[in-house]
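Thanks for asking me to look this one over. My notes follow as numbered points, to be read with the model open beside you.

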Amino acid sequence: MIPSHSLFASLTHPLPPPPPPRLPNLPSFRPRATLLSRVFHVPSRRCHRQRLPWGGGAVRALDAAQAFDYESRASEELEQRARLKIAIVGFGNFGQFLARTFAAQGHGILAYSRSDHSAAAGSLGATFFRDPHDLCEQHPDVVLLCTSILSAEAVLRSLPFQRLRRSTLFVDVLSVKEFPKNLLLHILPPDFDILCTHPMFGPESGKHGWAGLPFVYDKVRIGESEDRVDRCRRFLDIFAREGCRMVEMSCAEHDENAAEIQFLTHTVGRILAKLNLKSTPINTKGYETLLKLVENTCSDSFDLYNGLFMYNKNSTELLERLELAFDSLKKELFGRLHDILRKQLFESPNGSSAPVAKDN
């Protein structure tokens, strides 16, 4: 017979259920730290403990996808921040040439030109504008001036600056540098950033890639805030990522060097074109080089060549030096010819002076 006090205790205090079976020790699945987890703060993945009703061991749940989703979002955010919205003003041959690489790197392209290049823009995933007001209302990060040298001032003055953000970065890619530098400083509002650049290549020389090709730039006016410095760096990084040889150089130094490198090359090529040179069955390597020079220089418009002359003060001096050099070379050739003829006329075969005929 069960004592009454024991029966009462069993009714008021029921016996606990038996403990669950012990789980085997499982290996830890804690992932190692990644590069993004060092750059961005990734919250630690804590194990969630759920207390069992019988007070025994805890069931552990690991949310394995949480950190990886965070890293994916952080990576997407990093890529999004690196993208630029670039407005290309002057969407001709060279503007389209640059736009292909910009688009391939994931940057947003806005195109503006007086001529209708909407089909070319659409093929690159760019948005084409015929009205500069509509273009500027898109608030691009960068406005890339990609016009001819001769039309640069007129195009720049036609842009409604009041519709842009006050800290917009203006970049030019003209073949001369002091002229656009002074133009941008004179016309643009003082809050706008200015970066003068010159890709020393074009659609022909850069058609197989930009690796090793020189890219000259001058940070004329860049704001000190971190976001404006970073925006300039991201634009320059477009060319660095393609393998360009990045050369930081003042605009004045660029024009001094470019007069010899660029204007002289175009001048010689166009002089040779005036000779109407033709390929022959016995071409030498040197002659083939001259024919290629004519082809490369004359494929550019005469406006480009004229701009290299008009807007680079060093070109006039170089043209005068070239003319003096040609005259000096002619004098040297004709001088030697005169010496040979003199010897034939006034010297005998044995080297003595021939007798001079006397008048009767």
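1. For charge, Lys and Arg count as positive and Asp and Glu as negative, while His and the chain ends are not counted. Buried means under 20% relative accessible area, exposed over 50%, and partly exposed in between, with a 1.4 Å probe and protein chains only.

2. Please keep in mind that this is a predicted model, in which local features need pLDDT of at least 70 and side-chain atom pairs count only at pLDDT 80 or more, whereas totals for chains, interfaces and linings use all residues. Residues are numbered from 1 along each chain as its sequence is written, and side-chain values use heavy atoms, with hydrogens and water left out.

3. The overall picture: the protein chain has 13 helices and 10 strands (DSSP runs numbered from the N terminus, helices being H or I of at least four residues and strands E of at least two). Of its 360 residues, 33% count as buried.

4. The residue I would look at is Asp-255, in helix α10 (residues 251–274). Asp-255 is buried but has no salt bridge, and the nearest side chain of opposite charge, Lys-177, is 6.6 Å away. What does the side chain of Asp-255 make a polar contact with? Its partner is the side chain of His-254, at 3.0 Å. (A polar contact is a pair of N or O atoms within 3.5 Å; within protein, one must be able to donate a hydrogen and the other to accept it, and residues adjacent in sequence count only if both atoms are side-chain atoms.)

5. Leaving aside neighbours within four places in sequence, Asp-255 is in contact (heavy atoms within 4.5 Å) with Val-176, Lys-177, Glu-178, Tyr-311, Asn-312 and Asn-314.

6. In helix α8 (residues 178–187), the buried residues are Phe-179, Pro-180, Leu-183, Leu-184 and Ile-187. Seen down the axis of α8, they fall within an arc of 120°, so they line one face of the helix; the arc is that of the directions from the helix axis to the C-beta atoms. Their cover includes α7 (152–157), β7 (169–172) and β8 (193–199).

7. Helix α12 (residues 302–310) has Tyr-305, Gly-307 and Leu-308 buried. Down the axis of α12 these fall within an arc of 160°, so they line one face of the helix. Among what covers them are α10 and α13 (313–346).

8. Finally, two backbone points to check. His-139, in the loop between α6 (132–136) and β6 (142–145), has a positive phi near 50° without being a glycine. Asn-276, in the loop between α10 and α11 (285–298), is not a glycine either, and has a positive phi of about 55°.

Terms used. A salt bridge is a side-chain nitrogen of Lys or Arg within 4 Å of a carboxyl oxygen of Asp or Glu.
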